[in-house]
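Hi,

Here is the structure I promised to pass on. Have a look at it first, and my notes follow below.

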Amino acid sequence: MIGAMEPNLGATLDDLVQQALRCQVPTREQALTVLGSSDDDLLDVVAAGGRVRRHFFGNRVKLNLIINLKSGLCPENCSYCSQRSGSQADVLKYNWIDPVAAAETADRAAASGVKRICLVASGRGPSDRDISRVAETVLAVKEHHPDLEVCTSLGLLTAERAERLLAAGVSAYNHNLNTNEANYPRICSTHTFADRVDTVGVAHAAGLSPCSGAIFGMGETDDEVVDLAVDLRRLGVDSVPINFLIPFEGTPLGEEWQLTPQRCLRILALFRFFFPDTEVRIAGGRELHLRTLQALGLHLANYIFLGDYLTSEGQAGSDDLQMISDAGFVVEGRDQETLPKSRPDLVALRRRGPGTEVAANA
Ligand code: SF4
């Protein structure tokens, strides 16, 4: 027989789609079935995830642009990071860029259809002075583009600093969990998984939209991928960036090369099932690891970074836009809502129990 799908996978994918449309989390067994499926079944996995993506996000692709405000020389030791303490990677190193320079980059981004900019700075966390600098930058950006969403990613955060960011016009805060709790001490010893969870909670409590995701390709098992999806779901994040490791020479993970495009797509599908109506973004490593299958990733994620990353270059922004168009997607406009406003489809009117002829659900 040619092209027959592994029998349990077909049933699992059907169930996952139905569950996702009800925003119901996959079971661990279902999740492991997706991650363990064969390359022969890849298009079935993508098609199932794509049904969920289209249900909640249609054919829209939201664009995000990173502006690296302060690059390199971080005292922390995250082993995947080119800016870590002791990194020998030959990346740009500079202190806070001028707010006007950041605003000029935002101008270019806005002209390309970018809906959200992410202002990022290396370091353990921002000082009060750093928050003031970021506030000035937000002001400069908003002067030209009041409707541009501004996310910041500045490291560990206190409640007071989170509130200052909100007051400055920041709408979201990114702080990735990166890997699962058990694996965390293997990738970083200068802060903990709990520190990261805490900062996501602090940002959320202050009223900033929480953005937190992962990096894959660091030796994690399928079970650990699922652990992280469960943890992120528990945090109630609004946006989930999925990074695939960019192996920088001169960092401890510079030799790692574990991902295939198929593995990346299975991971993206899994996160779509875990986060059906939440923004799922293909973040760093898209070009390196998905390569010619990038466009298939758009059937799962509703959100990508346009252009360059923090310290490495992405493909040309014009190629990103071409890919979106060629794959039948459209760039989401700044006047369009990303997340569904309400979910009337989740309300099941009772047609059983008292007042009906049908037995009660008990
Ligand atoms: S805290 Fe951020 S910038 Fe510093 S090493 Fe870790 S990931 Fe890199």
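**What I found**

Helix α10 covers residues 261–274, so 14 residues, and spans 20 Å from its first C-alpha to its last, close to the 20 Å expected at 1.5 Å a residue (the expected span being 1.5 Å times one less than the number of residues). Helices here are DSSP runs of H or I with at least four residues, strands are runs of E with at least two, and both are numbered from the N terminus. Eleven of the 14 residues of α10 are buried, so the helix is largely enclosed by the rest of the structure. Among them are Cys264, Leu265, Arg266 and Phe274. By "buried" I mean 20 or more other C-beta atoms within 10 Å of the residue's own; 12 or fewer is exposed, in between is partly exposed, and C-beta atoms are placed from the backbone.

Before you go further: this is a predicted model, where local features need pLDDT of at least 70 and side-chain atom pairs count only at pLDDT 80 or more, while totals for chains, interfaces and linings use all residues. Residues are numbered from 1 along each chain as its sequence is written.

Overall, the protein chain has 13 helices and ten strands. A compact globule of 362 residues would have a radius of gyration near 21 Å, and the chain agrees at 21 Å (taken over C-alpha atoms, with the rule 2.2 Å times the number of residues to the power 0.38). Its C-alpha atoms fill a box of roughly 65 × 50 × 40 Å along the principal axes, and 44% of the 362 residues are buried.

Around the ligand sit Cys74, Glu76, Cys78, Cys81, Gln83, Arg84, Ser122 and Gly155, counted when the C-beta atom, placed from the backbone, lies within 6 Å of it. That shell divides into three nonpolar, three polar and two charged residues (nonpolar: Ala, Val, Leu, Ile, Met, Phe, Trp, Tyr, Cys, Pro; charged: Asp, Glu, Lys, Arg; polar: the others, Gly among them).

Leu73 lies in the loop between β1 (60–70) and α4 (99–111) and counts as partly exposed, with 15 C-beta neighbours inside 10 Å. Asn178, also not a glycine, has a positive phi of about 75 degrees. Asn178 is in the loop between β4 (172–174) and α7 (184–187), and is buried, with 22 other C-beta atoms within 10 Å.

Cheers
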